[in-house]
Amino acid sequence: MAGTTKPHLVLIPWQGGISHIIPMTDIGILLASHGAAVTIFTTPANAPVVQSRVDRATPPHGSAWPPAITVTAIPFPGAEAGLPDGSERLDLLRSPADVPRFFAANKMFGEAVTQHCRGGSSLPPGRPTCVVAGMCHTWALTMARELGVPCYIFHGFGAFALLCIEHLFKHRSHEVVASPDEPFGIPALPAFECRVTRRQLPPHFSPSTSMGGGQMQEMREFEAAVDGVVVNTFEELEHGSAALLAAATGKKVLAVGPVSLSHSPASLDPRTMSDDARRCMAWLDAKASRSVVYVSFGSAGIMPPAQLVQLGMALVSCPWPVLWVVKGADSLPDDVNKWLCENTDDADAVASSKCLVVRGWAPQVAILDHPAVGGFLTHCGWGSTLEAVAAGVPMATWPLFAEQFLNERLIVDALGVGVSVGVTKPTENILTASKTDGSKAEVEAEVGKEQVMEALERLMDQGAEGEERRRKAQELKLKAKEALEERGSSYVNLENLVHPFV
């Protein structure tokens, strides 16, 4: 880059959900710590999430602070696309019928972002030098080409899952199995064959989604045309998946994580903590070391009521204290809500309580880093997986949808830091439901109380098997920290993104 102009990276998180917005914000924080000016484009409803994340960032050793980050909210034209008020994230939609409208609004949002970026040097940090766009912002490539700058894509997935997806696109091995429940191998990673069923694959390979085949094709073309891929991982974690993905795609693959380490758990200010966060931390403070099972299924992880009750019966019966985050509690049937109120501790929880329920948001990074937490029952979303790795916490795996079944195989079979609950079928969500109303039939529980109990017993096992998982988890925690330190693999990749011509 000519002269002494400060690099200016434009980041545009995909509004698929909080699980896409937060890691991309954290990437912006890390890029700013490497000397870049960063602009993060988002919508008015999501801007407070981004801004609060920026405000709470922890300054890396020796870096200039506060970070040079501008959060720019561009109105999301939901009403023009026929969406109800407040539909500024995919996980806030009420019906699968709204999904095509959401993508139509996203294209109009892209036109507004492009118009803003055409301001060039009149933008506060100056003309952009690079664009990093979320996976569904296909319009960002045209914008980057118009500006004459590189365009990178951020999926929110790990390198191994992306490698498996690339293998499936090229070799179509999922098409040779007769049944959607017949396991088949994805030999994308040497010495480790990932075995899954067709039903467990990401929506890229579903015969029908509420997104529509045209949108999926457009996304694939976007992936093929960008200059590179930014991944929230570190090169030492996924058995060389990042390098193999680069070889398979012919593109730069920059592993820059775990990005959650842009925030120290100690940076959680008691004065600004929510009541829920304060309650969680006070409850954990009263528990013995490695005694607590933390349970969360992500920002969009909502179980069918019958399944939630089976899970709940296992959690209240197990011998360990449980901190359980329940999403979508407001939409649960009255009898399920009544069961929760009668069998768990909620607003009136005290330090001695056995099963603490949080209805909504919990400070996950701080919870996982707390010495009382001994295991994490997770949906295998990649952000949560990386946060557990960074904290050195073993996992019990319960994938729900998207690429989570691929992540489960990595966690359990390749890394050896998890035990599988044994889920075989994905949970219906806004993208996999029909384009009209979705399934209205009551869904039976696939996993019973006893099956959950068995998985928790293995997770919290104090014998040789459990100690080996904990040892591996602690090794990965150390490697995660080293990756972001000066001369570490993720540190070098962030430098290459900020200063590509140095």
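Reader: Let's start with Phe102: is that side chain buried or exposed?

Author: Buried, with a relative accessible area of 0%. Keep in mind that this is a predicted model, so treat the values as computed from it. The cut-off you need here is that buried means under 20% relative accessible area. Trp14 passes that test too, at 3%.

Reader: How do I describe two rings like these together?

Author: A pair of aromatic rings is described by the distance of the centres and the angle of the planes. In this structure there are 10 aromatic pairs. Trp14 and Phe102 make one of them: the centres are 5.7 Å apart, the planes stand at 80°, and the pair is edge-to-face.

Reader: Which parts of the chain does that pair tie together?

Author: Trp14 sits in the loop between strand 1 (8-12) and helix 1 (18-33), while Phe102 belongs to helix 3 (residues 99-117), so the contact joins parts 88 residues apart in sequence. For Phe297 and Trp398, the centres are 5.6 Å apart and the planes meet at 85°, so that pair is edge-to-face. Phe297 lies in the loop between strand 10 (292-296) and helix 9, and Trp398 in the loop between strand 14 (395-397) and helix 13 (404-414), 101 residues apart. Both Phe297 and Trp398 are buried.

Reader: Which residues do ring pairs link into a cluster?

Author: Trp14, Phe76, Phe102, Phe103, Phe109 and Trp139.

Reader: Okay, now cavities. How many of 30 Å³ or more are there?

Author: The count is 2. For each one, look at volume, then lining. The largest has a volume of about 70 Å³, and its lining includes Phe297, Trp324 and Lys327.

Reader: What about the lining of the second largest cavity, by class?

Author: It has 8 nonpolar residues, with no polar and no charged ones. The volume of this second largest cavity is about 30 Å³, and Val389, Pro394 and Leu476 are among the residues that line it. Helix 12 (382-391) and helix 15 (464-484) are the elements that give two or more residues to that lining.

Reader: Which residues does the "coiled-coil region" annotation cover?

Author: An unreviewed UniProt entry puts it at residues 456-486. In the model, that span is 81% helix and 0% strand, and its end C-alpha atoms lie 38 Å apart.

Definitions and conventions
Residues numbered from 1 in each chain as written. Heavy atoms only, no water. 1 Å grid on protein atoms, 1.4 Å probe; cavity = no way out; pocket = protein on both sides within 12 Å on 5 of 7 lines; lining within 4 Å. Points joined across faces, edges and corners; volume = space filled by probe spheres on them. Helix = DSSP H or I, 4+ residues; strand = E, 2+ residues; numbered from the N terminus. Nonpolar A, V, L, I, M, F, W, Y, C, P; charged D, E, K, R; others polar. UniProt positions renumbered as here; feature names shortened; annotations may be inferred. Phe/Tyr/Trp six-rings, centres within 6.5 Å; stacked < 30°, edge-to-face > 60°. Buried < 20%, exposed > 50% of the residue type's maximum accessible area, 1.4 Å probe, protein only.
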